[in-house]
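These are my notebook entries on one protein structure. I set down what I looked up, from the whole chain to single residues.

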Amino acid sequence: MTNLKFPENFLWGGAVAANQIEGAWNVGGKGLSVADMATYKPNIDNKDYSAHMTITSESIAEAMADETDTFFPKRRGIDFYHHYKEDLALFTEMGFKTLRLSIAWTRIFPTGEELEPNEEGIKFYESVFKEMKRLNIEPIVTLSHYEMPLALSIKYNGWIDRRVVDDFTRFSDVCIERFGKYVKYWLTFNEIDSIFRHPFTTAGIISDKIKEEDLEQNIYQALHHQFIASAIVTKLAHEKIPDSQVGCMLTKLMTYPLTCAPIDVELTLKKNLENNFYADVQVKGEYPKMILKDITNRGITIKFEEHDAQILKENTVDFISFSYYMSMAESADTNAERTPGNTVLGVKNPYLSSTDWGWQIDPKGLKISLIELYDRYNLPLMIVENGMGAVDVFDDGAIHDEYRIAYFKEHFKQMKEAIDEGVDLIAYTSWGPIDLVSAGTSQMSKRYGFIYVDVDDEGKGTYERYKKDSFYWYQKIIETNGEELFNN
Ligand code: BG6
């Protein structure tokens, strides 16, 4: 008889990022981070992430002068900083085996250049990890999830400057030393590929400080610095925590040809190769030849220091993690209709429906991604983000989010098919198991959670937590290790 369960010890759980949940932006000695500059703009089209994420020297100066959190929702998050016990208890009630979370660099090193860490910041994460240990929740920790000290961004223009590699290594080393006894699974950079889509959020790059024609060259150099830092940190973790596992983290942007016209297929192939390139470097320890050729053809040179090639080669990752929300199509037709996705604008696929934010819902694309990644890299896989942003409304004192349940159900079925066909998928963490502030638009109203948080886009609300219908559904999925998917 077919086994309807997921593999034994499958890590079911959820994923969050410090800057989208913690709040307490100026508490406990925390320094200013790039995320504290992110504004919520009430009057713009929320499908246009770039309108929210574009940062200039001027907007930074304005944000620094503003000491409130009114238009800066990431400063308040969902106040996880003060609610973490309650939130972890709710995750335990859902049956979580794991929780992916990130460490705010500025809680540990407020400006990034201190030589000694801020003990109050360390204490906060220690308390969180201790509580997780008590509750038997395995942490998966991201060291850099869309935040870095603003001071490094201003002083060095972020990751463009090689010195930031040392600062990040010092921060990571402290995390490994101090939290290594609690944390086995580490991710270095969240969606390392996103540096081209939003250079400030990902790498602290203030674009207007660079001549437009030099921007791409500088972003590639910053990316190279992140690859090097990632390899150095992988080495540190392996040396200092005996059974540690370090993974890369990719935004899986699955792209299909809109038609079978060979030109559409070629353009699509290139898009997908470009998307995989970031994992290639971290898994294979070198830049793919064709990607390098393409970069050189565009007049870009990446400066390698003496031992860079060796550092990359010797410190590859143990597993691959990725986010998957949507897919898109590609076409040679410049007039083809487009729709937003995760910080991208892709060609609309006529076979798919979309969320309220225009992201195309494609469970089969998740299975295709799993097969493609496993075949390409032959390493264990973790899906560390997946979910749908939706507007939730109370009806009779409850949130009946059957749309969310339907989304997850179809994605989980595709995961199971991929596993049954041989893919080594070891973990699944849904994005935002508790509502949090959107990375792209800084909205609270774009909700992902199984748990509702009573706070709106303007920060008004009680911050009380409520269980949505999907809470009980996911609880059942975890309890039956997936078997529930096939009931009824
Ligand atoms: C991922 C990010 O790309 O997408 C998360 O790693 C983010 O931080 C998630 O929240 C969903 O995007 P958004 O813009 O809806 O929050």
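The entries below begin with the basis of the model and then turn to its parts.

**Entry 1: basis.** I note that this is a predicted model, in which local features need pLDDT of at least 70 and side-chain atom pairs count only at pLDDT 80 or more, while totals for chains, interfaces and linings use all residues. Residues are numbered from 1 along each chain as its sequence is written, and side-chain values use heavy atoms, with hydrogens and water left out.

**Entry 2: the whole protein.** I looked up the secondary structure and found 17 helices and 16 strands. Helices (H or I, at least four residues) and strands (E, at least two) are DSSP runs, numbered from the N terminus.

I then asked for the overall dimensions. The C-alpha trace spans about 60 × 55 × 50 Å along its principal axes.

How much of the protein is buried? I recorded 61% of the 488 residues as buried. The term buried means under 20% relative accessible area, exposed means over 50%, and partly exposed lies in between (1.4 Å probe, protein chains only).

The accessible surface comes to about 19,200 Å², and 52% of it belongs to carbon and sulfur atoms. Accessible areas come from the Shrake-Rupley method with a 1.4 Å probe; for residues, only the protein chains shown count as cover.

I also looked at contacts, meaning heavy atoms within 4.5 Å. Among those between residues at least 6 apart in sequence, 77% join residues at least 24 apart.

For charge, I found 52 positive and 76 negative side chains, with the centres of the two sets 3 Å apart. Lys and Arg count as positive and Asp and Glu as negative; His and the chain ends are not counted. The place of a charge is NZ of Lys, CZ of Arg, CG of Asp or CD of Glu.

**Entry 3: helix H16.** I examined H16, residues 402–420, which has 19 residues. From its first C-alpha to its last it reaches 27 Å, close to the 27 Å expected at 1.5 Å a residue. The expected span is 1.5 Å times one less than the number of residues.

Which elements do the buried residues of H16 pack against? I list strand E1 (11–15), strand E12 (360–361), helix H15 (363–377), strand E13 (381–385), strand E14 (425–431) and helix H17 (469–479). The buried residues of H16 include Tyr-407, Phe-408, Phe-412, Met-415 and Ile-419. After the helix comes Gly-422, with a positive phi near 115°.

**Entry 4: helix H17.** I went on to Ile-477, which is found in H17. Ile-477 counts as buried because its relative accessibility is 0%. Leaving out residues up to four places away in sequence, Ile-477 touches Trp-12, Phe-412, Gly-482, Glu-484 and Leu-485. Phe-412 is also among the buried residues of H16. Ile-477 and Lys-5 are 472 residues apart in sequence, yet their C-alpha atoms are 9.7 Å apart in space.

Entry 5: I located Ile-451 in E15 and found it buried at 0% relative accessibility. Its C-alpha lies 4.6 Å from that of Ile-434, 17 residues away along the chain. Beyond four places in sequence, the residues touched by Ile-451 include Leu-90, Phe-91, Met-94, Ile-434 and Phe-471.

Tyr-463 lies in the loop between E15 (451–453) and E16 (465–467). Its phi is near 65°, a positive value in a residue other than glycine. Tyr-463 is buried, with a relative accessible area of 16%.

**Entry 6: the loop between H1 and H2.** I found both Ala-24 and Ala-38 in this loop. Ala-24 is not a glycine, although its phi is positive at about 45°, and its relative accessible area of 10% makes it buried.

Ala-38 is buried at 13%. Neighbours within four places aside, it is in contact with Phe-71, Phe-72, Pro-73, Lys-74 and Ser-442. Ala-38 and Gly-28 are 10 residues apart in sequence and 21 Å apart, C-alpha to C-alpha.
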